Amino acid sequence: MQDRPTAPELLDALAAMLFAEVREWVPRERRFQILVAANVCAVVARELRAGDEPSLADLALFRELLGREPAEPPVADPAGEARAAATDLGAALRAGELDPRLDDAIAGLRDHVRRKLEIARPGYSEDS
Amino acid sequence: MAEPPEQASLREALGEALGEDPGELTLEHVPGGASRETWLVAAGERRWVLRRDPPGGESFAPLATEVEVSGAAAEVGVPVPPVVTFEDEGGRFGTAGYLMDHVEGTSVAPRVLRRDELAGARERLTVQLGSALAGIHSLSPGELPSLPALEGDPALAACEFWERALDEIGEPLPVVEAGLRWLRLNAPPAPDRVTLVHGDFRLGNLIVDEQGLAAVIDWELCHAGDPAEDIGWLCIRSWRFGNDDLPAAGVGTLDELLVAYDAAGGIRPGPERLRWWEALGNVKWAVICARQADDHLSGRRPSAELASLGRRICEPEWDLLELIG
């Protein structure tokens with residue numbers, strides 16, 4: 001156990017400091033880098049808060065699109081297994097194996113992208 | 001940090017091209033640029049830009065091709081920085097490179113879209129973009145001996161190019177794979193004519209001043225292809241920088257762009273062809289984001305900024321699925 005603040009709370013504080021304070025005294029031409037830094041803090045904080053849920057949902061989606069049975073819980077390494085399934089799914093798509101249900105795959109993958117956007121760029125999928 | 005080119009030989013080459021010694025030069029490295037080095041060269045009040053290959057670097061179109069192609073574009077009225085002199089590999093710039101006139105203005109897209117002093121430029125820009133594209137697309141690959149010939153169909157060649165680029169990174173991106181598969185299965189028929197394509201036509205590669213478009217730069221990705229490719233790429237949501245209702249680079253509507261393009265002699269592509277190339281554009285931007293993140297991860301170019309682009313892949317992925325879903 002670590003003392004408070006938690007990891008995402010620390011990142012929130014850091015993002016706020018970069019965005020509200022440091023940005024002011026950085027030369028105008030270099031402010032972009034401060035925004036990159038503040039944004040990375042915010043992304044990582046959201047990812048820590050979300051935990052394993054997005055990876056487990058992606059793993060289930062990729063296995064379903066591949067025509068496989070759901071993974072047996074508990075999944076020891078959700079991010080690693082989702083990544084391995086993503087590799088298989090990419091190869092199957094490239095080989096044309098999913099052509100008969102490509103529209104279903106495209107529709108299903110929207111949820112995967114939505115989960116990434118919720119961490120990396122909240123609101124992006126609602127704006128368009 | 002890049003090593004500057006040798007000062008004395010640069011001065012000699014510049015003096016030879018100008019017909020007079022420019023005097024003492026100062027050199028300033030301009031950051032950015034995926035695979036080319038850019039140097040701001042100054043002598044008193046006069047300024048030039050040196051663009052050259054990094055030592056040991058490889059790039060898509062050789063610099064000699066860039067010089068030929070941008071020169072041909074200038075002849076048909078496309079604004080480009082005039083080339084002062086070119087030196088091949090092993091010449092006076094060290095690696096292959098060329099000096100061009102410095103063009104005042106900005107190529108930082110959010111500035112073009114937001115700064116008050118560029119409000120007048122924004123009024124004119126969409127029409128200027130349409131005309132410049134029509135000029136570029138009036139050039140036939142046959143008139144450009146250094147431009148590699150197109151092998152096969154331009155749409156399928158583009159799919160293959162970006163599949164290969166994705167394979168080199170080795171990052172699993174099933175959304176991009178689904179997009180590429182859809183693109184292959186729904187490729188448009190061959191275009192009316194195959195033309196010169198700039199390959200990276202967006203605000204980041206244009207210089208804009210208070211009068212509007214001052215120069216089209218960065219011809220590194222130029223190739224022979226379907227002219228609709230440049231229009232689709234210019235219109236992807238990522239290049240609108242938040243002005244989502246203005247598909248033409250965040251400054252104009254698609255119709256304004258296409259009317260100007262048509263008026264300047266371009267062949268207006270149909271909506272399905274444009275949608276296809278806009279989808280391909282999102283594939284391309286997703287792969288480029290992945291490659292830039294990989295440049296950091298592999299240690300080739302350690303940079304937090306490049307690293308953070310890995311988490312932007314999902315933006316063009318979303319836009320891709322919106323276009324093909």
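View 1. In chain B, 18 residues of domain 1 are in contact with 19 residues of domain 2, two residues being in contact if their C-beta atoms, placed from the backbone, lie within 7 Å. The side of domain 1 of chain B that touches domain 2 of chain B comprises 11 nonpolar, four polar and three charged residues. Here Ala, Val, Leu, Ile, Met, Phe, Trp, Tyr, Cys and Pro count as nonpolar, Asp, Glu, Lys and Arg as charged, and the others, Gly among them, as polar. Domain 1 of chain B spans 7-101 and domain 2 spans 109-324; such bounds come from an automatic or database domain assignment. The C-alpha centres of domain 1 and domain 2 of chain B are 25 Å apart.

The model is predicted: local features need pLDDT of at least 70 and side-chain atom pairs count only at pLDDT 80 or more, whereas totals for chains, interfaces and linings use all residues. Residues are numbered from 1 along each chain as its sequence is written, with chains lettered from A and ligands numbered from 1 in the order in which they are written.

**View 2. The five-stranded sheet of chain B.** Five strands of chain B form an open sheet with antiparallel pairing, in the order 1-2-3-5-4. Helices (H or I, at least four residues) and strands (E, at least two) are DSSP runs, numbered from the N terminus; two strands pair if DSSP finds at least two bridges between them. Strand 1 (26-30) and strand 4 (83-87) of chain B are at the edges with a single partner strand each, so one side of each has no neighbour in the sheet. On average, neighbouring strands of this sheet are turned by 20 degrees against each other, direction ignored.

**View 3. Strands 3 and 5 of chain B, with the helices that pack on the sheet.** Strand 3 (residues 46-52) and strand 5 (residues 97-101) of chain B run antiparallel and are joined by five bridges. B:Arg51 has B:Tyr98 of strand 5 of chain B as its bridge partner. Helix 2 (residues 63-75) of chain B packs on the sheet, where it touches strand 4 and strand 5 of chain B and makes about 155 degrees with the direction of strand 4. Helix 1 (residues 7-18) of chain B lies across strand 1, strand 4 and strand 5 of chain B, at about 130 degrees to strand 4. Axes are lines fitted to C-alpha atoms, for helices over the stretch in contact, and angles run from 0 to 180 degrees between N-to-C directions.

**View 4. The hairpin of strands 7 and 8 in chain B.** Two residues link strand 7 to strand 8 of chain B in a hairpin. Four bridges join strand 7 (residues 206-209) to strand 8 (residues 212-216) of chain B, and the two run antiparallel. B:Leu206 is opposite B:Val216 of strand 8 of chain B.

**View 5. The side of chain A that touches chain B.** Contacts link 32 residues of chain A with 25 residues of chain B. Helix 2 (31-50), helix 4 (78-94), helix 5 (102-120) and helix 6 (124-127) of chain A each give two or more residues to the side of chain A that touches chain B. Helix 5 of chain A gives the most, with 11 residues. By class, this side of chain A has 17 nonpolar, eight polar and seven charged residues. Chain A has six helices and zero strands.
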